[in-house]
Amino acid sequence: MNQKLPEDRAEAVFEDFKRAYTDEQARAEANRCLYCYDAPCIQSCPTGIDVPTFIRRIANENVSGAAQTIFDSNILGMSCARVCPVETLCVGSCVYNHMDSPAIQIGKLQRYATDAAFEAGWTYYEAGEDTGKKVVCVGGGPASLAAAHRLRRQGHQVTVIEKGHFLGGLNTTGIASYKMKADRSISEVEWLLSIGGIDIRSGVSVPDQLSWDDLKSEFDAIFIGFGLGEDSLLSLPSADSEGVIGAVDFIAQMKLSPIDVSSVQNAIVIGGGNTALDAVRELRGLGVESVTLAYRGGESQMSGYAHEWAEAKTEGVVPSWRSQPLSFAADADSRVSSVTFQMMDENKQPISGQTKTIPADLVLLAIGQGKLGSLTTGLDGLQVEWGKIVTDDDGATGAQGVYAGGDCRNGGKEVVNAVAEGDQAAQAIHSFLMGGGSCRT
Ligand SMILES: Cc1cc2nc3c(=O)[nH]c(=O)nc-3n(C[C@H](O)[C@H](O)[C@H](O)COP(=O)(O)OP(=O)(O)OC[C@H]3O[C@@H](n4cnc5c(N)ncnc54)[C@H](O)[C@@H]3O)c2cc1C
Ligand code: SF4
C-alpha cells in the first residue's frame, strides 16, 4: 500500500501552531503537576488516559514509560496530543483552573512523550496468540484503527477495508493543517500497523463493492467505523456554480494535493461550527486576502469553539452575523461572483426586506455532513436513527456480531471519542468471540 503524499501539497505552507517542548520545558511543566488523587483529567479524557502517571514518568525522566501509559489507553495518542480540544477536555478540568494558576499543559506533555516514542521507534505491542477468529473493520479512520490494533493484540486476524486511498480517515484528510499535517497522521498509521498482521484493503467500498453478506461469509465479527458522509450542499439559485464547494471536500484537497488559491480574492465560509472555523483560518493561512465567516446566528450562538474564533479574528477573518444564504450569483464563466444573504433576528428568524450581498469567488459550505447509516441496509437487526447507527454502551448493534463506533455512531464528535469507541467495541468483540459467538452465515 503506497501512502506517499505529494511534497507540493497546499498544506505544506502551514507551520505547527503549538511549539513542541524541549526536555527542560517538559520536565518543568511535569513537575508542576499535583498528581491529584481521583484526578479530574482522567475522567474528562474519553479514553481515560492515566494522566498523572504519565506526567510523573516525564518528571522522573522515564519518557518511554510515559508514552506507554498513554498508548495503553489511546493508541492514537500522538495525534490526539495535537488535535484534542484540550481546553474543553483534560486541560479544562485541571484543578489549577480554580487556583489562579495556568492549567497543566497535558496535550503538550502527551505530545512530548509520544513524539519521543515515535522518533525512537519504540513500538511496545505485539500481536497476541492466534485465536483463529477473523474480524473486519469497515473504514480506515481513528475508530477502526483503534479497534483493529486492540483486536490484533488480542490475537485475532484483522482486516481493515478503506474506500479511499489513504488511511487515517479525517485525521489524514480533515484536521486543520496548523494542528497536524497529513504526513504526521500517515506516519502514525504506519507506526500503529507495525504490530504486523493487520491486512489492509484500500480502494474498496462497503457494501457496493463488498456486500455485508460477503463480509459475513468471511469474518466472525464486523466493526463499522465509516464515519460521516459528504458535505451537505444548498438547493438555492446558482448554488451549483463553480467555486461553491463543501468545506470538508476543500480541506481534503488542500491537505492532499497542490491546489492553487492565489487567484481567489474574496472567500466566504458559510457555517458557525468548528469546520467553518478551521476553514476560515486555513484560507487566511493559504494567503486569501479577504475571508468572511457568514453565520445565520450571532457570535454567542456559534457551535464552534470560542477560542478558535478568537484566533480567527486576530488572523483577520471578518464575520457576517445573522446572515442566511438566499441566492448565489455567477459570472459569464459560471463561476460564483457573490452571495446574497437574508438578514436574521436574534431568534434566527428572517427580518423582512433586509438582505446583504457579499462578493465572492470562492464559497465553502460548512453546514454539516451527511450520515451513512443507510449503508447498513441488509444487516438484519441493526437499527439506524437520524442516520446514526444505534448501539449499546459497548458498541454492539442489534445485528449479531456487528459493532460500530466513531462518527457513524455518535453523529460526529472528536478523534478521541472515535478512538475510545473503537477500543471499547474491540473489547466487546473479544468477549463475544471468546464466548463462542460469530456472525458467520
Ligand atoms: C474539517 C474537520 C476538522 C476536524 N478537526 C478536528 C480536531 O481538530 N480535533 C478532533 O479531535 N476532531 C476533529 N474532527 C473530528 C474528527 O476528525 C472525527 O471525529 C474522527 O475522525 C472520526 O473518526 P472515525 O473513524 O469515526 O471516522 P473518519 O475519520 O471519518 O474515518 C472513516 C473512514 O471510513 C472510510 N469510509 C467511508 N465510507 C466507507 C465505505 N462505504 N466503505 C469503506 N470505507 C469507508 C472513509 O474514507 C474514512 O477514511 C474534525 C472533523 C472535520 C470534518
Ligand atoms: S487524549 Fe486528548 S483528552 Fe485525553 S488526555 Fe490526551 S490530550 Fe487530553
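In the predicted model, strand β7 (residues 290-294) is largely enclosed by the rest of the structure, because four of its five residues are buried, a residue being buried if 20 or more other C-beta atoms, placed from the backbone, lie within 10 Å of its own. Helices (H or I, at least four residues) and strands (E, at least two) are DSSP runs numbered from the N terminus. Strand β7 pairs in the parallel sense with β6 (residues 266-270) over five bridges, and Ala267 stands opposite Val291 of β7; two strands are taken to pair if DSSP finds at least two bridges between them.

Residues are numbered from 1 along each chain as its sequence is written, while chains are lettered from A and ligands numbered from 1 in the order in which they are written. Because the model is predicted, local features need pLDDT of at least 70 and side-chain atom pairs count only at pLDDT 80 or more, whereas totals for chains, interfaces and linings use all residues.

An open sheet is formed by five strands with parallel pairing, in the order β3-β2-β1-β4-β15. Its edge strands, each pairing on one side only, are β3 (198-202) and β15 (402-404). On average, neighbouring strands of this sheet are turned by 20 degrees against each other, direction ignored. Strand β4 (residues 221-224) runs parallel to β15 and is joined to it by three bridges, with Tyr403 of β15 as the bridge partner of Phe223.

Among the helices, the axes of α4 (residues 63-73) and α6 come within 8 Å and cross at roughly 105 degrees, where axes are lines fitted to C-alpha atoms, for helices over the stretch in contact, and angles run from 0 to 180 degrees between N-to-C directions. The two helices α4 and α6 are therefore roughly perpendicular, a term that covers angles of 65 to 115 degrees. In this contact, Val63, Ser64, Ala66, Ala67 and Ile70 of α4 meet Gln110, Ala113, Thr114, Ala116 and Ala117 of α6, contact requiring C-beta atoms, placed from the backbone, within 7 Å. The contact residues comprise seven nonpolar, three polar and no charged, with Ala, Val, Leu, Ile, Met, Phe, Trp, Tyr, Cys and Pro counted as nonpolar, Asp, Glu, Lys and Arg as charged, and the others, Gly among them, as polar.

Ligand 2 is surrounded by 15 residues, the closest being Cys45, Cys80, Cys84, Leu89 and Cys90; a residue counts as near if its C-beta atom, placed from the backbone, lies within 6 Å of the molecule. Helices α5 (77-83) and α6 (106-120) each supply at least two residues of this shell, and the largest share, three residues, comes from α6. The shell around ligand 2 divides into 11 nonpolar, four polar and no charged residues.

Notes. Parallel < 35°, antiparallel > 145°, perpendicular 65-115°, else oblique. Contact = placed C-beta atoms within 7 Å. Buried ≥ 20, exposed ≤ 12 C-beta atoms within 10 Å, placed from the backbone.
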